[in-house]
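I opened this entry to look up strand pairing and backbone angles. My notes follow the model.

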Amino acid sequence: MKKLAVVVAMLFAAGLVFAQSSLASPNSDEIGRDSAMQSLREISVDKFEREGSWYVHIPSDYGTITGRLFEGNPAMKDPLEGDDPADDTQVYGVRVDFFKRGVNSFTITAGRPLPIEGTAKIISMWVCGRNQSHDMYVLIQDYFGHNFELYMGNLGFSGWKKLSAVIPASPDGEHGIVQSSAYYGDRPGIKIIGFRVDCNPMQARGSYYLYLDDLRAITDLYDLENRDEDDMLDNW
């Protein structure tokens, strides 16, 4: 019994030290890991299987752009539990033909905003970047409809690579990316608007090809999964 008390005391002291260091230098990758009140799930947001569900745009004085579906799949991709491989056979391809080198960018936008329920932690997607040093951002909309962009990575690699963006928590529920509010309903979440690629001026020439597949998110569904069955919904 005495030994158990000593172990508990040591764990409590370690917890205090961890809490103090976390408050002193918060890290979005670590936020919430010490809490038991989480129900993290990896969910599919879009598999890029539906024709006409994504649109591409580049300013007309920069070049021309085309987007379409292709048969294919990243060989290293792990399917989600319960997924049928027959429902995931295509990728979305983008072709840009630049008129001249310069500081420019192009966007890939969803036909409708893609919602992520719960408190999203990470957004990920498989990308084939064709070894051009352009930068990719994911464009999101928070609970209040404010727009943000998160850096996913540089496209200077060959073949397929999984790019990810960590969603930083709001410090006070009013600033930054807010995903829920006790004052305006009970359905937390954000929406993915699309992606933007900022081109390296020295490499923005000729034709550039980009392929996307398997947009996912890791989200905390604790509040949604643990809601009492007899609790009313505040959506009237």
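**Entry 1: pairing around β11.** I started with strand β1, residues 40-46. I found that β1 pairs with β11 in the antiparallel sense, over six bridges. I note here that the model is predicted.

I then went to strand β4, residues 90-98. β4 and β11 also run antiparallel, and six bridges join them. Here I picked V96, which stands opposite Y208 in β11.

Next I took strand β6, residues 119-128. I read eight bridges between β6 and β11, again with the strands antiparallel. For I122, I found I218 as the bridge partner in β11.

**Entry 2: cover on β11.** Is β11 mostly covered or mostly open? I checked residues 207-220, the span of β11. Of its 14 residues, 11 are buried, so I logged the strand as mostly covered, with buried meaning under 20% relative accessible area.

**Entry 3: positive phi.** I looked at F48 next. F48 is not a glycine, yet its phi is positive, at about 55°. I placed F48 in the loop between β1 and β2, where β2 covers 54-57. Is F48 buried or exposed? I read 1% relative accessibility for F48; the cut-off for buried is under 20%, so F48 counts as buried.

I then turned to R130. R130 has a positive phi too, about 60°, and is not a glycine. I found R130 in the loop between β6 and β7, the latter spanning 135-141. How does R130 count by accessibility? Its relative accessibility is 40%. That value lies between the 20% and 50% cut-offs, so R130 counts as partly exposed.

**Entry 4: the whole chain.** I listed two helices and 11 strands. Reading from the N terminus, I wrote the order of elements as α-β-β-β-β-β-β-β-β-β-β-β-α. The chain has 236 residues, and buried residues make up 34% of them.

Among contacts with a separation of 6 or more, 80% come from residues 24 or more positions apart. Last, I looked up the accessible surface of the chain, which comes to about 14200 Å². Carbon and sulfur atoms hold 54% of that surface.

Definitions and conventions:
Residues are numbered from 1 along each chain as its sequence is written. This is a predicted model: local features need pLDDT of at least 70, side-chain atom pairs count only at pLDDT 80 or more; totals for chains, interfaces and linings use all residues. Side-chain values use heavy atoms; hydrogens and water are left out. Buried means under 20% relative accessible area, exposed over 50%, partly exposed in between (1.4 Å probe, protein chains only). Helices (H or I, at least four residues) and strands (E, at least two) are DSSP runs, numbered from the N terminus. Two strands pair if DSSP finds at least two bridges between them. Contact means heavy atoms within 4.5 Å. Accessible areas come from the Shrake-Rupley method with a 1.4 Å probe; for residues, only the protein chains shown count as cover.
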